[in-house]
Structure formats: C-alpha cells, structure tokens
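Keep the structure in view as you read.

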Amino acid sequence: MSTLRGRVAGLPDWDRCAVMGVVNVTPDSFSDGGEWFDPELAVKHGLDLVAQGADMVDVGGESTRPGASRVDEAEELRRVVPVVRELAAAGVAVSVDTMRASVAEQAVEAGARLVNDVSGGLADPAMIPVVATHHVPLVVMHWRGQSIDMNNRAVYADVVGEVVDELARSVERAVAGGVDPQRIVIDPGLGFAKNAGHDLALVAHLARLRSLGRPLLVAASRKRFLGRVLAGGEGAAPPPARERDAATAAVSAIVAREGAWAVRVHEVRASADAVRVARAVEEAAQAAGAPVGGTATTTGTK
Ligand code: PMM
C-alpha cells in the first residue's frame, strides 16, 4: 500500500497516511480565524497538535477563504517566520503555507521542511526557483486564481479530468523550473474554485489524481462541502466550521484507505485515529489468504 501512497524525498517515510495539523496565524481564517493569531499561542498550539498525533504542522499567515483579500508581504513574514522558527527548533516537521516566494524562503531558512503553496507556483513567479534552489518538497495544489473571486471560476464540464490536467501542467512547470519530481506532492484543492459537488467528486475519484504518480495531500478539514453534507435537509443551515471535525475525520479515514499520502486537518486527534484505523484495515486486507471482510462462518460471535 505504501507504493500507492508514495514517498516524498526529504521527509520521513511514514508507514501510513500522515497527519498535517494546521496552525493559522491569522485573524480571519474561515475555520479558526483569530484563535492562534498571537505567536506564542500559535507555537503552543503547534506543539499541542504534535502531542495529539500530528506528524507535521502547517503554519500559514494568510487566509485563503473565499472572498479574502491578500495580506501584505511584511505582515505575512511577521506572522509566519517566528512561529516556524520556534516549532522547527522544538523538532517539529514544519510546513509553510504561503503563495509568496519571500515567505517560503525565509520560512525554509528558519527551519521549514515543506512549502505548501495553494497556488502551485502560479501566484508568484519566484516561488519555483526558490523551492528548486533550497531543495525542499513542494505541495502543488489545484488553483484557478486568488480567493477574492475564485468562486466565479468553479465552472467545469468534467471536474476530475480538468483538475488532473491542470495539476499535471503545474507539476510540469515546477519540474521544468528545477524542482525535483520526487519532492512534489499534489493536492486537489478542495473548496478552491469548487462547489460541494465538485469537492465530493474529487474525493470519490482520488485514484485518478494518483494516476499523476505523485503523493497526494487531501485538505477537507471543516470545509463548506462538509457543512453542506451535514446540513440535514433542503434549505437547512450547515453547522458552523468548528462543528465539522467528526465529518473531517470520516474523510480522513476514507482518503487514507484510498492511498492519500497525508491529510491536512485543524483537529488532529480524531484524524490521527482515523489514519491508524485505515492502516490496520489495510494490513488486514494484505494478510496472506485473508479475504477482505473476513472468513465466512455460520456461528460467529461478536
Ligand atoms: N486549504 C486551506 C489552506 N491551505 N493548503 C493545501 N495544501 N490544501 C488546501 O486545501 C488548503 C491549504 C484553507 O484554509 P484553512 O487553513 O482555514 O483550512
């Protein structure tokens, strides 16, 4: 199964789907805006996420919620770099969530081991050269433009096919710019220029994304499509973002079983359990001679 999941050069080889915990050092993220805006609280939160089972911690200083406008560069640097430095010094595998090459570069110099660019290198022409020069792994997410008007770009004839093709082009651009293909992770970008139906279709067809041959990160945590699934009826209000953690863990179990390399989540504990259950089921399925679903008996006890 690890062949399904793949490996990312420069990062540990976890024997299951990895869990990336989110620390948003922002006042306005849709899911946890304001909670970890203070750098000390952000560092403490990152350490708590590791204690709860996170394999990596993703630190971001710019909200990408639909309609968000950009934060300026100096402010993003001020928010992100000190938090990355402290977490990395504490031995945490830190990822930096940024579309800016300058932020990626300073974060890597402060100890970040992975650059998570939701634009897949499209927002800042200097991003690919920075990642290539520093030999760090890069998350290439499917992206069609900045958050301010991305919902207008949620138009697809075949969402899975178009996301696969567009991601393939972003990966080619990164490789042509000198990024080691063995260090590239792909991500369908759930909720980015996508409606709930698009997101569900992508989760349902992860195998087609995996056909690109790169490890896959899935970031469903607390997103709108889960709110829609949980709304419970025509016209009913979706539960708020913070009440979508059980649904998030359900997605973590499903995508781990489908060979995702990692999940990116705000609430770590339940997803850390989910990926371990998925791993145990995977091992049972692989055990010699054991058909999935167990052997048939007529007198089974529970
Ligand atoms: N989504 C958000 C932020 N960063 N990074 C990746 N790779 N994939 C995503 O889908 C993604 C991301 C949305 O904001 P949040 O931090 O509030 O979840």
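**Around the ligand**

This is a predicted model. Begin at the ligand. Two strands, E1 (18-24) and E5 (138-141), each supply at least two residues of the shell around it. In total, 17 residues surround the ligand. The closest are Ser31, Asn116, Asp187, Lys223 and Arg264. By type, the shell divides into eight nonpolar, five polar and four charged residues.

Now look at single atoms. Asn24 places a polar side-chain atom 3.0 Å from an oxygen atom of the ligand. Asp97 has a polar side-chain atom 2.8 Å from a ligand nitrogen atom. In the side chain of Arg264, an N or O atom is 2.8 Å from an oxygen atom of the ligand. How much of the ligand does the protein bury? Taken alone, the ligand exposes 410 Å², and the protein buries 97% of that.

**Helix H4 and what follows**

Move to helix H4, residues 101-109. Its buried residues are Ala101, Val103, Ala104, Ala107 and Val108. An α-helix has 3.6 residues a turn, so residues three or four places apart point the same way.

Past the helix comes Gly111, which follows H4 and has a positive phi, near 120°. Next, find Arg113 in the loop between H4 and E4. Arg113 is partly exposed, with a relative accessible area of 36%. Its contacts, leaving aside neighbours within four places in sequence, are Gly10, Leu11, Pro12, Ala93, Val94, Val136 and Pro137. Ala249 is 136 residues from Arg113 along the chain, and 25 Å separates their C-alpha atoms.

**Helix H7 and its lead-in**

Helix H7 spans residues 196-204. Which of its residues are buried? They are Ala196, His198, Asp199, Leu202 and Val203. Viewed down the axis of H7, these buried residues fall within an arc of 165°, so they line one face of the helix. Their cover includes four helices: H6 (159-176), H8 (206-210), H9 (224-230) and H10 (245-257).

Look at the start of H7. Asn195 caps the N-terminal end of this helix. A side-chain oxygen of Asn195 lies 3.0 Å from the backbone nitrogen of Gly197.

Step back into the loop between strand E6 (184-187) and H7, where Ala193 sits. Its phi is near 55°, a positive value in a residue other than glycine. Most residues other than glycine have a negative phi. Is Ala193 buried or exposed? With 1% relative accessibility, Ala193 counts as buried.

**Another loop with a positive phi**

Arg222 lies in the loop between strand E7 (217-218) and H9. Its phi is positive, near 60°, and Arg222 is not a glycine. At 9% relative accessibility, Arg222 counts as buried, because buried means under 20% relative accessible area.

Strand E8 covers residues 262-265, and Val263 lies in it. Val263 has 2% relative accessibility, so this residue counts as buried. What does Val263 touch, not counting residues up to four places away in sequence? Val263 touches Cys17, Ala18, Val19 and Met20, among others. Leu217, Val218, Ser252, Val255 and Val275 are also on that list. Ser170 is 93 residues from Val263 along the chain, with 21 Å between their C-alpha atoms.

Finish with Ala287, in the segment after helix H11 (268-286). Ala287 is partly exposed, with a relative accessible area of 37%. From Ala287 to Val218 is 27 Å, C-alpha to C-alpha, and the two are 69 residues apart in sequence.

How values were computed:
Residues are numbered from 1 along each chain as its sequence is written. This is a predicted model: local features need pLDDT of at least 70, side-chain atom pairs count only at pLDDT 80 or more; totals for chains, interfaces and linings use all residues. Side-chain values use heavy atoms; hydrogens and water are left out. A residue is near a molecule or strand if one of its heavy atoms lies within 4 Å of it. A polar contact is a pair of N or O atoms within 3.5 Å; within protein, one must be able to donate a hydrogen and the other to accept it, and residues adjacent in sequence count only if both atoms are side-chain atoms. Accessible areas come from the Shrake-Rupley method with a 1.4 Å probe; for residues, only the protein chains shown count as cover. Ala, Val, Leu, Ile, Met, Phe, Trp, Tyr, Cys and Pro count as nonpolar, Asp, Glu, Lys and Arg as charged, and the others, Gly among them, as polar. Buried means under 20% relative accessible area, exposed over 50%, partly exposed in between (1.4 Å probe, protein chains only). The arc is that of the directions from the helix axis to the C-beta atoms. Contact means heavy atoms within 4.5 Å.
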